[in-house]
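Here are some backbone notes for your review. Please read them beside the coordinates.

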Amino acid sequence: MTTGYLWHTLYGWNDTGSGSLAPADPVAGLQPVSYHFAHADNKRRMHELVQVIGLGDKVRHIPARPATRDEILRVHTAEHHDRIVEESALPKGGDAGDGISPFGKGGYEIAALAAGGAIAMVDAVCNGTVDNGFALVNPCGHHAVRETGMGFCVFNNIAVAAKHAREVLGVDRIAIVDWDVHHGNGTQAIFWEDPNVLTISLHQDRFFPTDQGFTTERGGGAGINTNLNVPLPPGTGDGGYLLAVDSVVLPALRAYQPDLILVACGFDPSILDPLSHTMVSAEGFGAMTQRLVDIAAELCSGKLVMVQEGGYSIHYVAVCGATSIAVLAGEQPMADPFLPLVENMYGRREVEDHQARICKIASELVPDIPGR
Ligand code: 9RB
Ligand code: ZN
């Protein structure tokens, strides 16, 4: 089996400025800091770890290329695209749209490379160059809606790649599984009325965006019942996530019968993430990846593309990511150097009643998902 892997040096040069979350504001007591939560080093360190442990020699490196304006406009308005181009040319760059998602000069070029990286990996998997793949792109994409970026996302990379698969490669049915800890609101909105793209989001309940991601959001128009949300409570852990995958995600994929599975793959559900409380370990990410590898083999000749989203633990994102990439490539994952810290933390494996309850509610929606 051949696994594709994609990184571009410029992903590691994406400049998120001197704020930690919102722009620094000394008057309000928000001191400037070198490391915005979404600092590119979280992901650059993952890329370096992949090389250092030898995993980089076992995957096929797929070159990134920028998405074109027309490719981005399959998802976004010209106004959004062109505003990013204009702000990106300013000496200090601009913001993706919500005032907390800064990018530096040239941020457009990096964001276009992120969307294009997702396209390049979908191309490589669909044309048989590789069996599956991991696009370690930056910045993230899943919050970006048609008209604007938000939540550190400029363009919706996975949506741009899915549209490319549909419109250029002729892929009929696509499933997007989003396990980033935040709700995949942008991807949900973009494909809301599209029956050819099933969107599933596992996320921390009422987190970001706070007012979305409920099980009642199920798509509309021709896309009715092709959106599924699983809002998980804080503390869910490996046990609860694997229950959600086994009782909701896998049955939903079997019901839908996709030709290609995309994963919006954030490592911010991790137990060491400073922006979440869902407590997934590297082993948990590996187990979720294995289940997706297996279901892709069962349903769509193994065609699985993982696209990087968020992840804010400067320590742990690299280990979680390297674990997922190893599983994708059929290799033995590295030992988790943080295991002594995380193995006995509360909530890792046990499933609590309130975690099982939301999985049951979501699983009862699966029979409504349209099949072929
Ligand atoms: C809110 C603020 C955020 C925004 C984005 C993220 C992470 C995104 C991600 C986390 C917290 C501020 C709601 C500031 O990783 N996506 O995958 N919080 N944003 N002020 N307010 C009211
Ligand atoms: Zn996230």
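1. Start with proline 209. It sits in the loop between strand E7 (197–204) and strand E8 (227–232). Strands (E, at least two residues) and helices (H or I, at least four) are DSSP runs, numbered from the N terminus.

2. This is a predicted model, in which local features need pLDDT of at least 70, side-chain atom pairs count only at pLDDT 80 or more, and totals for chains, interfaces and linings use all residues. Residues are numbered from 1 along each chain as its sequence is written, chains are lettered from A and ligands numbered from 1 in the order in which they are written, and side-chain values use heavy atoms, leaving out hydrogens and water.

3. Proline 139 belongs to the loop between strand E5 (132–135) and helix H5 (157–167).

4. Why flag such sites? Most peptide bonds are trans, and most residues other than glycine have a negative phi.

5. Glutamine 257 has a positive phi, near 60°, and is not a glycine. It lies in the loop between helix H7 (237–256) and strand E9 (260–265).

6. Methionine 279 is not a glycine either, yet its phi is positive, about 65°. Its loop runs between E9 and helix H8 (282–300). Methionine 279 counts as buried, at 19% relative accessibility.

Key
Buried means under 20% relative accessible area, exposed over 50%, partly exposed in between (1.4 Å probe, protein chains only).
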